[in-house]
Amino acid sequence: MSEEQTKILMTYAVVAVVWYVVQTVGCMFLFKKTGTSKGMAFIPLLREKALFDVSINNKKAGLVWLILAVAGLACFFTGSFMSIQILAWVGFAAMILAVVLAVYRNFKEAKAFGRGAGTAVILTLFDPLGNLIIGKGVSEYKGKM
């Protein structure tokens, strides 16, 4: 590996760690407002499921997202590595559906805290920053929407 590639990977790793830490801290404050266990903020997949449970009135939405995300990744990589094109496309479609469901959740999360579409866009583009704004801000949890 060249020195330039090493620098690129190190930069990516630092950004990923900062993203994870800010996301975790933001979700800890957010979960404190909702009464959810703050320990859920440390485990990424469970954190996302907990955000679904806090934001959306449908209890199965978080589980559906979790299944779509995990199964989509598994099918996509399995299909790609084993050259089974239909499996890769099914996985890709499942991942797209998971992203659409996550964007829907972001709008519901903003509404559950009495925020508008601007906060929902911030949650969609920069989730850690949006959760930190909601968690540390004056927003009060109004319940599932």
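Leu125 lies in helix α5, where helices (H or I, at least four residues) and strands (E, at least two) are DSSP runs numbered from the N terminus. The model is predicted, so that local features need pLDDT of at least 70 and side-chain atom pairs count only at pLDDT 80 or more, while totals for chains, interfaces and linings use all residues. Residues are numbered from 1 along each chain as its sequence is written, and side-chain values use heavy atoms, with hydrogens and water left out.

Leu125 is one of the residues of a nonpolar surface patch of about 720 Å², together with Trp19, Phe107, Val121, Ile122, Phe126, Leu129 and Ile133. Patches consist of residues with over 30% relative accessible area and no salt bridge; like charges are joined within 9 Å, and nonpolar side chains (Val, Leu, Ile, Met, Phe, Trp, Tyr) within 5 Å. Accessible areas come from the Shrake-Rupley method with a 1.4 Å probe, and for residues only the protein chains shown count as cover. Helices α5 (117–125) and α6 (127–136) each supply at least two residues of the patch; α5 gives the most, with three.

The protein has six helices and zero strands. Its C-alpha atoms fill a box of roughly 50 × 40 × 30 Å, taken along the principal axes.

Two packed helices are described by the angle between their axes and the distance between the axes. Axes are lines fitted to C-alpha atoms, for helices over the stretch in contact, and angles run from 0 to 180 degrees between N-to-C directions. Helix α1 (residues 3–34) and helix α2 (residues 44–55) pack at about 35°, with axes 11 Å apart. In this contact (heavy atoms within 4.5 Å), α1 contributes Tyr20, Gln23, Thr24, Cys27, Leu30, Phe31 and Thr34, and α2 contributes Pro44, Arg47, Glu48, Ala50, Leu51 and Val54.

The axes of α2 and helix α3 (residues 60–81) come within 8 Å and cross at roughly 145°. Here Leu45, Glu48, Lys49 and Phe52 of α2 meet Ala61, Gly62, Leu63, Trp65, Leu66 and Val70 of α3.

Side chains of opposite charge can pair when their charged atoms come close. Five salt bridges are present in the structure, each a side-chain nitrogen of Lys or Arg within 4 Å of a carboxyl oxygen of Asp or Glu.
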